[in-house]
Amino acid sequence: EALGSTTRVDESVLQARADGIYDFSLLTWIKQPSDIALVGVRGAPILTGNRKFGSWGIVSTAGVLQPDRWTLAGSGATFARSTTSRNGPYSLKITRAGTDVTVGQTVQAITSNAADLSLRGQTMTGVVVAMTTVASNLRVRITSEEVGGTVLSTSNSSYHTGSGAWEELNVTHDVDDAADIIRVQAVSEQNGDAYLDDLYLTTDTLGDGQRLDRYPT
């Protein structure tokens, strides 16, 4: 009750849908209509939400704070909110320990029966901005999948060099014609720490527009 009475503003981006029907269950902080202050249309080609890990409204069953919208996986791995970031205030620190670690989010490949409103056959770009001191530790991956998780095709970027500096890694992916889901992931494949500052999926050729995220609503 005390938390509910405090005033706060959270801005969440949802993937555009051809049918205009949105699933607000992704936004766990919405409990009643009065929680919604404004709904707008944003002319951005970015499909995923919480790209800069600024929103942390989830607590795992282990009591660990987690970033909204992202699915974290990896046996033995640890995840933590960190103030070591490039554009702040936070980054996601991941630590691999024996098993590959993934930080992923999915979007729908098709939201209407109209062929011209489908993402099937289109070229996507996945981008991660990350820092690690371990060579060949981190890269970004896009997969086309069917409902149920069957992977139809996969595209991987080059690895972070392990320079200890922020590096942008990106990969393009042609969405499979039978895909139901498109998944973008940052993947850690060597033991050690990595910091994720920015992770997103875009439909357009990568440029400064996506990097700066300056799109009007």
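View A. Asp197 is buried, with 2% relative accessibility (buried means under 20% relative accessible area, exposed over 50%, partly exposed in between; 1.4 Å probe, protein chains only). Arg86, at 40%, counts as partly exposed. The two form a salt bridge, with the closest N and O atoms 3.7 Å apart (a side-chain nitrogen of Lys or Arg within 4 Å of a carboxyl oxygen of Asp or Glu). This is a predicted model, where local features need pLDDT of at least 70 and side-chain atom pairs count only at pLDDT 80 or more, while totals for chains, interfaces and linings use all residues. Numbering runs from 1 along each chain as its sequence is written, and side-chain values use heavy atoms, leaving out hydrogens and water.

**View B. Asp198 and Arg51.** Here the closest N and O atoms of the salt bridge are 2.7 Å apart. Asp198 sits in strand β12 and Arg51 in the segment before β1 (58–59), so the pair ties together parts 147 residues apart in sequence (strands are DSSP runs of E, at least two residues, numbered from the N terminus). Asp198 is buried at 2% relative accessibility, and Arg51 is buried at 7%. Both belong to a salt-bridge network that also takes in Arg42, Lys52 and Asp213.

**View C. The largest nonpolar core.** It has 31 residues, and Val103 and Leu196 are among those with the most contacts inside it (a set of buried Ala, Val, Leu, Ile, Met, Phe, Trp, Tyr and Cys residues joined through side-chain atoms within 4.5 Å). Strand β12 gives the most to this core, with four residues.
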